[in-house]
Amino acid sequence: MDEDLSREAGERIRAARLKRRLSQAALADELGVGRNAVRGLETNAWGAKVSTLRLVCEYFALDPNYVLGLTPRSYVDDLGAIYKVSMDVLDD
């Protein structure tokens, strides 16, 4: 991963964590990894493991391609849009 891509990935992971109002320590506990693993993903402090990135993506229902900056949207964005449309249809 190049430096810019890693920074973007870290920002997206951090945003997902903060949206759920989780600390790095709480997320690490949820994932069963050390707090340094979460911090490393968010800050690119060291080479993050693919397995940790996978856990984070699964936990937050994020598309890994979105996290890595390869696509502009996440699964969560898409699911939110689908939910809104389905609720509008049900209301009719």
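Trainee: In which element is the place of Arg-12?

Mentor: Arg-12 sits in helix α1; a helix is a DSSP run of H or I with at least four residues, a strand a run of E with at least two, and both are numbered from the N terminus. The model is predicted: local features need pLDDT of at least 70, side-chain atom pairs count only at pLDDT 80 or more, and totals for chains, interfaces and linings use all residues. Residues are numbered from 1 along each chain as its sequence is written, and side-chain values use heavy atoms, with hydrogens and water left out.

Trainee: Why does Arg-12 count as buried?

Mentor: Its relative accessibility is 18%, and buried means under 20% relative accessible area (exposed is over 50%, partly exposed in between, with a 1.4 Å probe and protein chains only). Arg-12 therefore counts as buried.

Trainee: Which residues is Arg-12 in contact with, leaving aside its neighbours within four places in sequence?

Mentor: Tyr-66, Val-67, Gly-69 and Thr-71, where contact means heavy atoms within 4.5 Å.

Trainee: What makes Leu-22 a buried residue?

Mentor: Leu-22 lies in the loop between α1 and α2. Its 17% relative accessibility is below the cut-off for buried, so Leu-22 counts as buried. Not counting residues up to four places away in sequence, Leu-22 touches Arg-17, Leu-27, Tyr-59 and Phe-60.

Trainee: What does Leu-27 contact, with its neighbours within four places in sequence left aside?

Mentor: Arg-17, Leu-22, Val-38, Tyr-59 and Phe-60. Leu-27 is also listed among the residues with the most contacts inside the largest nonpolar core, together with Ile-13, Leu-53, Val-56, Phe-60, Leu-62 and Val-67.

Trainee: What makes a set of residues a nonpolar core?

Mentor: Its members are buried Ala, Val, Leu, Ile, Met, Phe, Trp, Tyr and Cys residues, joined through side-chain atoms within 4.5 Å. The largest such core here has 17 residues. Helices α1 (3-19), α2, α3, α4 (50-60) and α5 (64-67) each supply at least two of its residues, and the largest share, four residues, comes from α4.

Trainee: Why are α2 and α3 called roughly perpendicular?

Mentor: Helix α2 (residues 24-31) and helix α3 (residues 35-43) pack at about 115°, with axes 8 Å apart. Axes are lines fitted to C-alpha atoms, for helices over the stretch in contact, and angles run from 0 to 180 degrees between N-to-C directions. Angles of 65 to 115 degrees count as roughly perpendicular, under 35 as roughly parallel, over 145 as roughly antiparallel and the rest as oblique. The α2 and α3 pair is therefore roughly perpendicular.

Trainee: Which residues meet where α2 packs on α3?

Mentor: Gln-24, Ala-25, Leu-27 and Ala-28 in α2 meet Arg-35, Val-38, Arg-39 and Glu-42 in α3. By class, this contact has four nonpolar, one polar and three charged residues; Ala, Val, Leu, Ile, Met, Phe, Trp, Tyr, Cys and Pro count as nonpolar, Asp, Glu, Lys and Arg as charged, and the others, Gly among them, as polar.

Trainee: How do you know that α2 and α4 are roughly perpendicular to each other?

Mentor: Their packing angle is about 95°, with axes 11 Å apart. That angle is within the perpendicular range, and α2 and α4 are therefore roughly perpendicular. Leu-27, Glu-30 and Leu-31 in α2 meet Leu-55, Val-56, Tyr-59 and Phe-60 in α4. This contact has six nonpolar, no polar and one charged residues.

Trainee: How many helices and strands does the protein have?

Mentor: Six helices and zero strands.
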